[in-house]
Amino acid sequence: MQRSIFRTGLVALSLTSGLCVNLSRSAEPGAPTRPDWLSHEDRVEDLLKQMTLEEKVGQLVQFSNGTATGPENVKVDQDALLARGGIGSIFNATGAKNTNAMQRVAMEKSRLKIPLLFGLDVIHGYRTTFPVPLGLAATWDPALVEQTARVAAVEASAEGVRWTFAPMVDIARDPRWGRIMEGAGEDPYLGGLFAAAYVRGFQGKDLSDPTSLLACAKHYVGYGGAEAGRDYNSVDMSERMLREIYLPPFRAAADAGVGTFMSAFNSLSGVPTSANHFTLTTVLRDEWAFKGFVVSDWTSIAELIPHGIALDGRTAARKAFAAGVDMDMQANLYATHLPKLVGDGKVSAAAVDESVRRVLRMKIALGLFEKPYTDESLAERVELASDHVQLARRAAEASFVLLKNERARPIDGGPVLPLSEGKTVALIGPLADSAEDMLGEWSCKGDKKDVVTLRTSLAERLKDRLIYAKGTDVRTDSRAGFEEAIEAAKKADVVIMAMGEHRQMSGEAASRSKIDLPGNQQELVKAVAGTGKPIVLVVFSGRPLTLAWEAEHVGAILQAWHPGAQAGPALSRTLFGEASPAGRLTATFPRSLGQVPLYYNHFKTGRPIHGEDDDEKDTGFRFNSRYIDEKNSPLFPFGWGLTYTTFTYSPVKASAETISLADINAGKTINVEGTVTNSGGREGTEVAQLYIRQRGTSVVRPVRELKGFERLTLKPGESRVVRFEIGREQLAFWNIDMKHEAEAAELAVWIAPHAAAGKPAMVRITD
Ligand code: NOJ
């Protein structure tokens, strides 16, 4: 519907081996690349006929190779089990020699020679590390993200890994939750576009391509809604909320042909998601016709016992299986109990057969029977190929979000950024030279040796005009380094402060109850600000932080996430203006923690305050939905991001003032357009965002919903008209009867630079 937003040209990555990987994919969002899993049914049935019940259950069993990415509650003799056909999948194994050796046991010692499927959390790169997913989402560029996933697939598959537990498509509205870093942020529409992009990138054109990775949409579902932002916590929400906000990215992954889903840890409205028949069967199988298989998260089947819906492993296995979990990750409960449950008539043999079919189909589709092993010399040739590294730099540059850039402390009479050459720079902060932290969590084989830090890149550029002082550590009370940092600042024309979270402060099991700069970093920023020197604060984090003081007192703030192996070159080029920041937030930055969860697409209450989502002045009236000690508005809204030029937006024009619901249902659309002009002095990239709001409907609708966007790179003075079509797809919602339909409504439409800007055009959708 929206115009040419994701038109990707042919992009070819040449690898050092001389291989050429064509990255072009079906460019339209949501275009299915469904592998033809169902075309090998004879082979599946033939195998199934030969299998004993134990061998069948074996295909539904998965173990880590020893590396713990969760509590390790089970130790088994993997080789013996493999030889008996008792394991279908191994995960956390890397290294071609290693995976080949395990595969040899399955292929040479097991009776039916069914190959193992090796899984791994290939999240944002394999050896070549890209920015963390929340940073990649800030690119608002699914085609670019698809390329990063393709590169990750090429590198991981070279070591025998053919299944990634990615993408994580959980909507996250609470920055306390550390796993906000692993997803695309708070918006279901954008989340769906990125979900599909990752699936296309990982799975490639065809699963049988040896460079393809089976993808896994996780964590199904609602995991990001963890109460109080505490990881693994329970989630309770209405079915409407589930369908409107949390399910759409999963649906988009399914539509893009994702091969597997992972059931989550959390309970959802009282029913753990790894035993949730409604989500796993009613929605996923019956409504969406998903044909792949579902793996549990790490021991989440065993966790049905502490959840309290099973008193023993046998019941846990029965409940998870009955709900629709095909494969047991790490709990060893299917292996232990499923055969007996079948024998006792508590689980049907036909249901086991169906789960086994789903797994076998994937193994056949991946070509594992024909090519179970990988070439042990391949990884070395493809890892860190120069095109991969260049892509890592481009992706990092595209992910940076310029939060603030003012003349507050002018140098050369202009905004602080970009920096001009010839100045002396003080580089201060615990993350300026921390290679490991640049990798972010879940960095697979990413190695700190591969990382170029900001300090290294600035030293190359500035030589003796760079003064470095660490100043403090990420989490410490010690002020031992303050003095040196202040002295460095005094000698410099401008100060770059590299502050934020170390990499293990986000990701799994990394929820925070305070989301400001950790340790005494803010004190250091204050101390350095006391010198009066202009400051550029570069923030490394896996989540939105509360930066209200910094936003008031520091001249420029660049949100850099954990930017990956090319952190230094990407930052140095951006700070000095060879690259311009083009990132936009996909997660709201609150002013203070008490505001969270804070997200742009909230509902208006019956007592809204004026001034924040109506652009009217807040009257300060007491009996409105407000805090007595904080504004309602965020510090930086969803969609926010500055660059080195400025853009203006014309008023939005709609093709009609009214349209009938019958016309909408018959496929007619409203066309809206606006003109975006580069009003500054440099070329720059803008992301023009389409938002709608509907009122007069049967249920409350969000104050704004993102429905499209267009990335525009404009020269100074250049204007471009952006056009969008709004039809049934954009207008339908889960109405009072829980039907997904459009309704008569008063429709407001914005084309704006972020979720808190612009004036809408009004359209009436009549009955
Ligand atoms: C637990 C995590 O929740 C999940 O995201 C990951 O894929 C598995 N462990 C396997 O490492």
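Analyst: The answer starts with the domain contact and then moves to the rest of the chain.

The model is predicted, so local features need pLDDT of at least 70 and side-chain atom pairs count only at pLDDT 80 or more, while totals for chains, interfaces and linings use all residues. Residues are numbered from 1 along each chain as its sequence is written, and side-chain values use heavy atoms, with hydrogens and water left out.

The domain assignment gives domain 1 (41-122 + 161-365), domain 2 (379-575) and domain 3 (645-766); such bounds come from an automatic or database domain assignment. The part examined here is the interface of domain 1 and domain 3. Taken over C-alpha atoms, their centres are 38 Å apart. Eight residues of domain 1 are in contact with eleven residues of domain 3, where contact means heavy atoms within 4.5 Å. About 820 Å² is buried between domain 1 and domain 3, and carbon and sulfur atoms give 61% of that area. Buried area is the accessible area (1.4 Å probe) that two parts lose on being put together, summed over both. On the side of domain 1, Y189, R240 and E244 supply 63% of the area buried against domain 3, more than any other three residues.

The rule finds one salt bridge across domain 1 and domain 3, a salt bridge being a side-chain nitrogen of Lys or Arg within 4 Å of a carboxyl oxygen of Asp or Glu. The side chains of R701 and E244 meet in a salt bridge, with 3.3 Å from N to O. Between domain 1 and domain 3, four residue pairs are in polar contact, both residues at pLDDT 80 or more. A polar contact is a pair of N or O atoms within 3.5 Å; within protein, one must be able to donate a hydrogen and the other to accept it, and residues adjacent in sequence count only if both atoms are side-chain atoms. The elements that give two or more residues to the side of domain 1 that touches domain 3 are α7 (188-203) and α8 (239-246). Of these, α8 gives the most, with four residues. Helices (H or I, at least four residues) and strands (E, at least two) are DSSP runs, numbered from the N terminus.

R243 and E239 both lie in α8, four residues apart, about one turn of the helix, and their side chains meet with 2.8 Å from N to O. R243 counts as buried because its relative accessibility is 9%, whereas E239, at 34%, counts as partly exposed. Buried means under 20% relative accessible area, exposed over 50%, and partly exposed in between (1.4 Å probe, protein chains only).

S212 counts as buried because its relative accessibility is 0%. Leaving out residues up to four places away in sequence, S212 touches R150, S157, R162, F202, Q203, D206, L207 and L366.

Over the structure, the rule counts 49 salt bridges. One of them joins K218 and D121, whose closest N and O atoms are 3.1 Å apart. This pair links distant parts of the chain, with K218 in strand β7 and D121 in the loop between β5 (117-120) and α5 (133-137), 97 residues apart. Both K218 and D121 are buried. Another joins K445 and E159, with 2.7 Å between the closest N and O atoms. K445 lies in the loop between α17 (435-439) and α18 (454-462), and E159 in the loop between α6 (142-157) and β6 (163-164), 286 residues apart. K445 is partly exposed because its relative accessibility is 28%; E159, at 4%, counts as buried.

A search of the whole structure finds zero disulfides, a disulfide being a pair of cysteine sulfur atoms within 2.5 Å. C216 is in no disulfide, and the nearest cysteine sulfur, that of C444, is 14 Å away. C216 counts as buried because its relative accessibility is 0%, whereas C444, at 29%, counts as partly exposed.
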